[in-house]
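Subject: Handing over the structure, with notes

Dear colleague,

I am passing the structure on to you with this email, and below it you will find my notes. Please keep the model open while you read, so that each residue can be looked up as it comes along.

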Amino acid sequence: MEDSQVVDLNVGGRHLTTSLSTLTKYPDSMLATMFSGRHPVAKDKDGRYFIDVDGDVFVHILNFLRFGKMPPPERASQVNEYAEYFGLEELKAPVLEDFEQVLYGICKKKLPDYQSLWDCVKSKLNDINTSYFYIRTRSFDCQHLGITETVFPCNYDTIGLEFDPNPSIFFNLLAVDLKRRNIFTDSCLRVCPVCGRKAAMGFRIGR
């Protein structure tokens with residue numbers, strides 16, 4: 001095949017047309033291997049090359065190959081799966097980054113007081129002396145004062161907060177902001193044994 005050759009595709013029943021140079025733009029990708037001429041590719045009854053994935057998602061793969069265009073937020077997760085499947089590392093990383101920021105914005109709108117909580121966490125990070133630590137939350141109406149002893153190992157530092165909004169949203173936002181400081185989630189949410197509220201999460205400094 002020549003790079004300028006027009007290629008007709010049947011992608012999950014959707015007919016798309018592109019050039020060979022677009023499909024083989026990234027030599028290490030599965031698409032480049034498929035259309036290298038070294039391997040047979042299935043065709044439909046009309047002679048179009050058949051790719052057995054959702055054409056409405058694959059079109060965003062083509063737009064990235066053509067123009068470097070990122071998919072819309074509502075398609076980011078699906079396109080990321082396809083980027084991984086087709087070996088398009090150049091697309092996979094930025095899609096995840098964009099998708100994370102979209103989720104971050106949605107969560108932040110649901111927790112208007114997050115900034116003040118984040119400022120509180122930042123002010124206490126310098127007091128952490130262990131590479132692994134917990135951030136705990138307690139609602140104002142929970143009377144379980146001994147949560148530190150029952151929910152956390154005693155040999156790790158903790159940062160404690162009291163607030164009433166949904167702690168799951170708080171921890172989702174927190175994970176994003178802490179990652180920017182090279183601090184990563186290392187355990188799932190733990191539950192307060194009294195009120196049943198998701199009360200804490202473990203974090204590790206560095207990988």
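Let me begin with a serine. The side chain of S19 makes a polar contact with the side chain of T22 at 3.0 Å, where a polar contact means a pair of N or O atoms within 3.5 Å, with the condition that, within protein, one atom must be able to donate a hydrogen and the other to accept it, and that residues adjacent in sequence count only if both atoms are side-chain atoms. The side chain of S19 also makes a polar contact with the side chain of S21, again listed at 3.0 Å. S19 lies in strand β2, which covers residues 14-19; strands (E, at least two residues) and helices (H or I, at least four) are DSSP runs, numbered from the N terminus. With a relative accessible area of 18%, S19 is buried, a word that stands for under 20% relative accessible area, while exposed stands for over 50% and partly exposed for what is in between (1.4 Å probe, protein chains only).

Before going further, please note that this is a predicted model, in which local features need pLDDT of at least 70 and side-chain atom pairs count only at pLDDT 80 or more, although totals for chains, interfaces and linings use all residues. Residues are numbered from 1 along each chain as its sequence is written, and side-chain values use heavy atoms, with hydrogens and water left out.

Next come the nonpolar cores, each being a set of buried Ala, Val, Leu, Ile, Met, Phe, Trp, Tyr and Cys residues joined through side-chain atoms within 4.5 Å. The largest core has 27 residues, and the members that touch the most others are L9, L31, F35, I51, F58 and I61. At least two residues of this core come from each of β1 (6-11), α1 (20-23), α2 (30-34), β3 (49-51), α3 (55-67) and α4 (76-85), and α3 gives the most, with 7 residues. If residues up to four places away in sequence are not counted, L31 touches L23, I51, F58, I61, L65 and F86, contact meaning heavy atoms within 4.5 Å. A second, separate core holds 24 residues, including V121, L125, I159 and I169.

Which residues form salt bridges, then? The structure holds 7 salt bridges, each a side-chain nitrogen of Lys or Arg within 4 Å of a carboxyl oxygen of Asp or Glu. R14 pairs with D56, their closest N and O atoms being 2.8 Å apart, and this pair links distant parts of the chain, since R14 is in strand β2 and D56 is in helix α3, 42 residues apart. R14 is partly exposed at 34%, and D56 is partly exposed at 37%. R48 forms a salt bridge with D44 at 3.7 Å; R48 is partly exposed at 22%, whereas D44 is buried at 17%. D44, K45, D46 and R48 are linked in a network of salt bridges. K122 and D119 meet in a salt bridge at 3.4 Å, N to O, and they are separated by about one helical turn because they are 3 residues apart in helix α6 (residues 114-125).

Finally, a search of the whole structure finds 0 disulfides, a disulfide being a pair of cysteine sulfur atoms within 2.5 Å. As for cysteines, C107 is buried at 15% and C120 is partly exposed at 24%.

With best wishes
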